[in-house]
Amino acid sequence: MNDIFRKNAAEALTEAIAKAYPDKIEDICLAVKTNTQELADFIYNKLESPKDAKNGDYAFPTFILAKPLRNKPPEIAGNILEHLDKTVFTQTGPYLNMKISTQDAAEEVLSNIFSRQNNFGNEILDESKTIVIDFSSPNIAKPFGIGHLRSTAIGNSLYRLFEKLGYNVVGINHLGDWGTQFGKMIAAYKKWGDDEKLKVAPIDHLFDLYVKFHKEAETDQTLESEGREWFKKLEEGNQEAAELWQIFKDYSLQEFQRVYDLLGVHFDYYTGESFYNDKMDGVIERLQKAGLTKESEGALIVDLEEQGMNPCLLKKTDGATLYATRDLAGILYRHGAYKFDKALYVVGMDQQEHFKQVFKVIELLGEDFAKDLIHVSFGFIRFKDQAMSTRKGNIVFLNDVIKTAIEKVTNIIKEKNPNLPDLEKTAQQVAVGAIVFADLSVSKHKDVNFDWDEVLNFEGATGPYLQYTHARLSSLVHKYGLDISGDANFSFYNSPEEKALIMQLHKFGQTIRLAAGKYEPNIIAAYLLELAAVFNRFYQRKDNDGKLVKIISEDNPEETKARMLLVASVRIVMKEGLRLMGIEAPEEM
RNA sequence: GCGCCCAUAGCUCAAUUGGAUAGAGCGUCUGGCUACGGACCAGAAGGCUGGGGGUUCAAAUCCUCCUGGGCGUACCA
């Protein structure tokens, strides 16, 4: 029961129910499958917030009591109401509504924010817990496409959310730096590669080779096997292969680093697939000892037929390993190294079967932490009507998207705020904010339609809208100039707009928990949009004559003081919320 | 064929996990700048929640069948 208001409501209701129906409590508990001690918890969880603010802040639907009490919900509500404080509770039909006074809410919420600042919403765990998050994980020697943004943005946000909830978070970039594709790249480079081009524009050149290889492979059957051979050599330590691999990897990492810097993404480890190169034999051995392996069609597999799945492939006919092998090694290694309580894999939905298999194999090994392995899957980014395919060269580069967005933002700023001091930096922050927000504002299990116009539109439900609101808040604080204090007179908060703002701020903590619990950053996005909307309504509210009610009023210093506390609180939460999404909050824009 | 996911306003998405009249943004139309920042705000129009059946006091949400789309379905990752 984290929400103090809600807790009060639940306890008052529980008590009132006990008074109204003293000899029916057991029947009620029986009907809702709980016990007397936990009845308050049950009610706590049943409380809703009414859609219409005039119905109060918390509502208890009495339908669930109808059966054990053999009565109509509205009558039940009426009976319970008799034992409640009628200045706080009201009844509308079957609902019992509780209204928090704006003053009480302000005192609780605003002083909390004022004293904790950006730590507002933080939690401290009773015992330390570690969560490993595997995210981004791009393929080396492939360009960083807009498709890779999802894993990066979601993972980065989850990293920050869990950190805020008190977890010890380990962020891992499981680079795709091993596998058959490298054989293909080496083969392609040896055939068509150009040292000069590689030096000048490494990523472009590697990308061209990648596309060319797959195009040629459609007609030339020998290419695929050539690629496989080169990978085999690479795994066996062939020097020429190893050197080329290192070059590809170095160039790609440089490129990725630029993107990560731009996005403000941090990893604790860059342990990619090649890191497990020397750990796979041990894994295979362990699986063999456990009697899980089997040879089939010349390959080494773990048969999962009994589990209704396709076999998990450990070794190809030619003896080379597969990514399942490396993921298994990764899981076992991470569990040993970090003793995680949970391990998240922020990887696209198309790999669902793969993770099901791999997690099942861990379970078959008798490791009970298999239940702590979670595939946080998400839908694709779709480009217009066609799916994006790196192999066909049909890809939108994240760099190009960012570059275009920066240009557009720069033009808008030049027009709207020509004297902005740090134009370049701000334009970058806003551009990245727009792109990241566009990605994170869609529920992760849905495909995202990538639409240039939409990503570059900065009006409405967008990152720049939130940033703009933050800039406005900051501007107010600067204009006010005086110190903002936590002991304002809360009785000045008398408008519905102020009440709505305070209650929205109050929801920050539970929103973070919800978002983290569901691995859904878009819940934060929705929360911030609502916060901004509620604030902007407050900011532009008019009196009965249609005149703007300004926040800063020289005639009413005490009232201004109270309002500025609210403004400062919203600003703190907005900035922190954006941070949780991996978005910067410039003071001016 | 089998498995998983998706379908809500013209478009892009929400909906407190089963609750009160399904909400936002874009686009369209109307209004608000003698501005504490108009990347904003107020209002209007726009819905058989893909379709049928079922469970329930209550279904966009749960079950079932169907339609349409996406992804996966052992030697790519």
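Predicted model: local features only at pLDDT ≥ 70, side-chain atom pairs only at ≥ 80, totals over all residues.

**Sheets, helices and side chains**

Gln91 has Leu96 in E3 as its bridge partner. Strand E3 covers residues 95-98 and is joined to E2 by 4 bridges, the two strands running antiparallel. Both belong to an open sheet of 3 strands, ordered E1-E3-E2, in which the pairing is antiparallel. At its edges are strand E1 (58-61) and strand E2 (89-92), each of which pairs on one side only. From one strand to the next, the twist averages 25 degrees. Helix H1, residues 4-20, lies across E1, E2 and E3 and runs at about 35 degrees to E1.

Another open sheet has 4 strands in the order E5-E4-E9-E10, and here the pairing is parallel. Strand E5 (168-172) and strand E10 (373-376) are the edge strands, each pairing on one side only. Direction ignored, neighbouring strands of this sheet are turned by 20 degrees against each other on average. Strand E9 (residues 342-346) and E10 run parallel and are joined by 4 bridges. Within that pairing, Tyr345 has His375 in E10 as its bridge partner.

The aromatic residues come next. How many aromatic pairs does a search of the whole structure find? The search gives 26. In the pair Phe508 and Tyr527, the ring centres are 5.6 Å apart and the planes stand at 35 degrees, so the pair is tilted. The angle falls between the cut-offs, because planes under 30 degrees apart count as stacked and those over 60 as edge-to-face. Phe508 lies in helix H21 (residues 508-517) and Tyr527 in helix H22, so the pair ties together parts that are 19 residues apart in sequence. Both Phe508 and Tyr527 are buried. Elsewhere, Phe135, Phe144, Phe256, Tyr260, Phe267 and Tyr270 form one aromatic cluster.

The charged end of Lys212 sits over the ring of Trp192, 5.1 Å from its centre. Lys279 lies over the face of Tyr333, at 5.6 Å from the ring centre.

Helix H10 (residues 202-217) contains His214. Is His214 buried or exposed? Its relative accessible area is 9%, so His214 is buried, given that buried means under 20%. A polar atom of the His214 side chain lies 3.0 Å from the backbone oxygen of Tyr210.

At 19% relative accessibility, Leu529 counts as buried, because the cut-off is under 20%. Which residues does Leu529 touch, not counting those up to four places away in sequence? They are Phe437, Ala461, Thr462, Tyr465 and Leu466. Leu175, by comparison, is 354 residues from Leu529 in sequence and 34 Å from Leu529 in space, C-alpha to C-alpha.

Note on methods:
Residues numbered from 1 in each chain as written. Chains lettered and ligands numbered in written order. Heavy atoms only, no water. Buried < 20%, exposed > 50% of the residue type's maximum accessible area, 1.4 Å probe, protein only. Contact = heavy atoms within 4.5 Å. Phe/Tyr/Trp six-rings, centres within 6.5 Å; stacked < 30°, edge-to-face > 60°. Lys NZ or Arg CZ within 6 Å of the ring centre and 35° of its normal. Polar contact = N/O pair within 3.5 Å; in protein donor to acceptor, adjacent residues only side chain to side chain. Pairing = 2+ DSSP bridges. Axes fitted to C-alpha atoms, helices over the stretch in contact; angles between N-to-C directions.
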